[in-house]
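Here are my notes for a first read-through, as numbered points. Keep the viewer open and click along as you go.

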Amino acid sequence: MTSPEPRRRLYHVAAICLFAVVLAARPGLASTLTFTAVHTSYQPGVTSSPTISDTITDTVGVRWDLVQIVQRTALAGGKDVGRDAARHATITLTGSGEAEPGKKEAAGGGRFVFKHRASLGRSDDRDEDRDATGVEVHGIYVVTKFVDWKPAGGKLPVADGIGQAAEASSGILTLNVRLFPSGGGHQDGVLTVYCLLPGSTFDIEEGITLAIDGFYFVQDEGQTLFHVEK
């Protein structure tokens, strides 16, 4: 993994004052946002502690990016869209970051746009929503904890505009994240980044998933990429 700054550098997040946010929708009514004041000392790693994968055998640096492919070149700054079809919701993410699986450390983040559309029924003569209301929330998210890393090898089939092509890799990286809407508050979730390259050692569905407050978003569009330090 190569970048303009040292590859092993992890970001530091200061202790801050937070507000809890609840994202919910009531059947037949517009989606609503409820804000409740909460003051807490924010420390990475307090959200959950799933079992770490047996595939972690040493300390290596892993960089992750949500990428865009421009002129057959993988570049940082792409967008991945997750969809929860059952709840008529989408979330669009940008972002990148780093992890050191052997040390169980991770950092990074990006921006998000959450959209929740609540259908009010069907028309009599057309298979379309009769009416709908919804909410749109913008904000940022940060990584709070490393959860799991499963490398899968492979070879990047396009030019590498992020790091060294020899370090590009398939894999699955799971992270705890915290979302901060621009209007205030926060919500914790679990983000999993999946990358599939030709020659990977096991099958992977490219993209992201995000589990947060009763929503489960699965990949709808976008691409991802890992670089593993050699």
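1. Start with the pair lysine 103 and glutamate 100: their side chains meet in a salt bridge, at 3.5 Å from N to O. By salt bridge I mean a side-chain nitrogen of Lys or Arg within 4 Å of a carboxyl oxygen of Asp or Glu. Glutamate 100 has a relative accessibility of 4%, so it counts as buried. Buried here is under 20% relative accessible area, exposed is over 50%, and partly exposed is in between, with a 1.4 Å probe and protein chains only. Side chains of opposite charge can pair when their charged atoms come close.

2. A word on what you are looking at. This is a predicted model, where local features need pLDDT of at least 70 and side-chain atom pairs count only at pLDDT 80 or more, while totals for chains, interfaces and linings use all residues. Residues are numbered from 1 along each chain as its sequence is written, and side-chain values use heavy atoms, with hydrogens and water left out.

3. How far does the predictor trust itself? pLDDT is its confidence in each residue, from 0 to 100. The chain averages 78, and 68% of the residues score at least 70. Please go carefully with residues 1-57, where pLDDT stays under 50. The model still has 124 contacts beyond four places in sequence for that stretch, a contact being heavy atoms within 4.5 Å. Residues 120-131 also stay under 50, with 19 such contacts.

4. Back to the charged pairs: the structure holds five salt bridges. One of them joins lysine 150 to aspartate 148, with the closest N and O atoms 2.4 Å apart. Lysine 150 is partly exposed at 31% relative accessible area, whereas aspartate 148 is buried at 9%.

5. Another salt bridge links aspartate 188 and arginine 178, with 2.5 Å between the closest N and O atoms. Aspartate 188 sits in strand β12 (residues 187-195) and arginine 178 in strand β11 (residues 168-181), so this pair ties together parts that are ten residues apart in sequence. Buried or partly exposed? Aspartate 188 is partly exposed at 26% relative accessible area, but arginine 178 is buried at 6%.

6. Which kinds of secondary structure does the chain have? It has 15 strands and zero helices. Both are DSSP runs numbered from the N terminus: helices are H or I with at least four residues, strands are E with at least two. Of the chain's 230 residues, 44% count as buried. Among contacts with a separation of 6 or more, 66% are between residues 24 or more positions apart.

7. Now look inside. The largest nonpolar core has 39 residues, and Trp64, Phe114 and Leu225 touch the most other members. Strand β9 supplies the largest share of this core, six residues. A nonpolar core is a set of buried Ala, Val, Leu, Ile, Met, Phe, Trp, Tyr and Cys residues joined through side-chain atoms within 4.5 Å. In soluble globular proteins, nonpolar side chains tend to be buried together.

8. What does leucine 225 touch, leaving out residues up to four places away in sequence? Its contacts include Trp64, Val67, Ala74, Leu156, Ile162 and Cys195, and also Arg63 and Asp65.

9. Beyond four places in sequence, threonine 90 touches residues including Val81, Arg83, Phe114 and Phe217.

10. Strand β9 (residues 132-153) also holds proline 151. That residue is partly exposed, with a relative accessible area of 35%. The C-alpha atoms of proline 151 and phenylalanine 202 are 9.4 Å apart, although 51 residues separate the two along the chain.

11. Two backbone spots deserve a look. Arginine 72 is not a glycine, yet it has a positive phi of about 55 degrees; arginine 72 lies in the loop between β3 (62-70) and β4 (73-76) and is exposed at 57% relative accessibility. Histidine 88 likewise has a positive phi, near 55 degrees. Histidine 88 is in the loop between β5 (80-84) and β6 (89-93), and counts as partly exposed at 41% relative accessibility.

Technical notes:
pLDDT is the predictor's confidence in each residue, from 0 to 100.
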